[in-house]
Amino acid sequence: IRVGVLLSGRGTNLAALSEYRRRQDRAYDLVLAASNVPEARGLVVARTLGLKTWARSHRDIARAEFDRLIDAELRRHDVEVVALAGYMRLLSPEFIRGWEGRILNIHPSLLPLYKGLDTHARALAAGDMWAGCSVHLVTDALDDGPVLAQARVRIRERDDAETLAARVLEEEHRLYPKALDEFCAELRGAAPR
Ligand code: GRF
């Protein structure tokens, strides 16, 4: 299954997806990394990994129109599944409709807890015992689609948002590739090409 990755930042999850794919044959192939942040570190990562990249700033362009550009680029590369990996923008309803059931996201909390930003600080402030990450399908509501996979991380007494984020990120790197692979394997089984 041909996967396009959308990112806005560092791209460590992209690197993890690529590494997992490189180790053996999987149900997915990464074909493109696209970004709304032309200077995103993740694009450098993508190029190093030999991926095609596309970038354009979302400033000065309406969301729906910007998303149409991304959509066109994804389709130009025959992308079948979209994986958000630190893509820090809401997608337009039109885009989501066009890719219904085929957009995955990784979110750094145990959804349905802590949708949105600052998940780790919020988990710490609440005195939670567990933090973690979730891979979910993207729907119109922020961080709200069906959860496909989760990993838990024990919160330690001395944790701050940064130390906790670092341990959760390690779990993200394990969880996302497996979840994407399983999702794509199922999709492939459902609709042979
Ligand atoms: C991760 O924490 C992910 O859960 C969130 O954005 C961050 C992306 O990090 N959605 P990276 O760009 O993959 O390093």
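Author: Helices (H or I, at least four residues) and strands (E, at least two) are DSSP runs, numbered from the N terminus. Residues are numbered from 1 along each chain as its sequence is written. This is a predicted model, in which local features need pLDDT of at least 70 and side-chain atom pairs count only at pLDDT 80 or more, while totals for chains, interfaces and linings use all residues.

Reader: With those terms in hand, where is Leu 90 found?

Author: Leu 90 lies in the loop between strand E4 (81-84) and helix H4 (93-98).

Reader: Is Leu 90 buried or exposed, or in between?

Author: A residue is buried if 20 or more other C-beta atoms lie within 10 Å of its own, exposed if 12 or fewer, and partly exposed in between, with C-beta atoms placed from the backbone. Leu 90 counts as partly exposed because it has 13 C-beta neighbours inside 10 Å.

Reader: Which residues does UniProt list for "binding site"?

Author: UniProt positions are given in the numbering used here, feature names are shortened, and annotations may be inferred rather than shown by experiment. The unreviewed UniProt entry lists Arg 63, Met 88, Arg 89, Leu 90, Leu 91 and Asn 105 for "binding site". Asn 105 is placed in strand E5 (residues 103-107). Asn 105 counts as buried because it has 23 C-beta neighbours inside 10 Å.

Reader: With which residues is Asn 105 in contact, leaving aside its neighbours within four places in sequence?

Author: Two residues are in contact if their C-beta atoms, placed from the backbone, lie within 7 Å. Beyond four places in sequence, Asn 105 is in contact with Leu 84, His 136 and Val 138.

Reader: Which residue does UniProt list for "active site"?

Author: The unreviewed UniProt entry lists His 107 for "active site". His 107 also has its place in strand E5, and it counts as buried because it has 25 C-beta neighbours inside 10 Å. When residues up to four places away in sequence are not counted, His 107 touches Cys 133, Ser 134, His 136 and Asp 143.

Reader: Which way do the residues of E5 point?

Author: In a regular strand the side chains alternate between the two faces of the sheet. In E5, Ile 103, Asn 105 and His 107 point one way, Leu 104 and Ile 106 point the other way, and all are buried. E5 is accordingly described as mostly covered, with five of its five residues buried.

Reader: How many bridges join E5 to E4, and how many join E5 to strand E6?

Author: Two strands pair if DSSP finds at least two bridges between them. E4 and E5 run parallel and are joined by three bridges; Val 82 has Ile 103 in E5 as its bridge partner. E5 and E6 (residues 130-137) run antiparallel, with four bridges between them, and Ile 106 stands opposite Val 135 in E6.

Reader: What do E4, H4 and E5 make?

Author: A crossover is right-handed if, with the strands pointing away from the viewer, the path from the first strand over the helix to the second runs clockwise. E4, H4 and E5 make a right-handed β-α-β unit. Another such right-handed unit consists of strand E1, helix H1 (residues 12-23) and strand E2, and a further one consists of E2, helix H2 (residues 41-48) and strand E3.

Reader: With which strands does E1 pair?

Author: E1 pairs with E2 (residues 29-35) in the parallel sense over six bridges, and Arg 2 has Asp 29 in E2 as its bridge partner. E1 also pairs with E4 in the parallel sense, over four bridges, where the bridge partner of Val 5 is Ala 83. Five of the six residues of E1 (residues 2-7) are buried, so this strand is largely enclosed by the rest of the structure. E2, in turn, pairs with E3 (residues 52-55) in the parallel sense over four bridges, and Ser 35 stands opposite Ala 55 in E3.

Reader: Where is Arg 10 found?

Author: Arg 10 is in the loop between E1 and H1, and it counts as partly exposed because it has 16 C-beta neighbours inside 10 Å. Leaving aside neighbours within four places in sequence, Arg 10 is in contact with Arg 41, Gly 42 and Gly 86.
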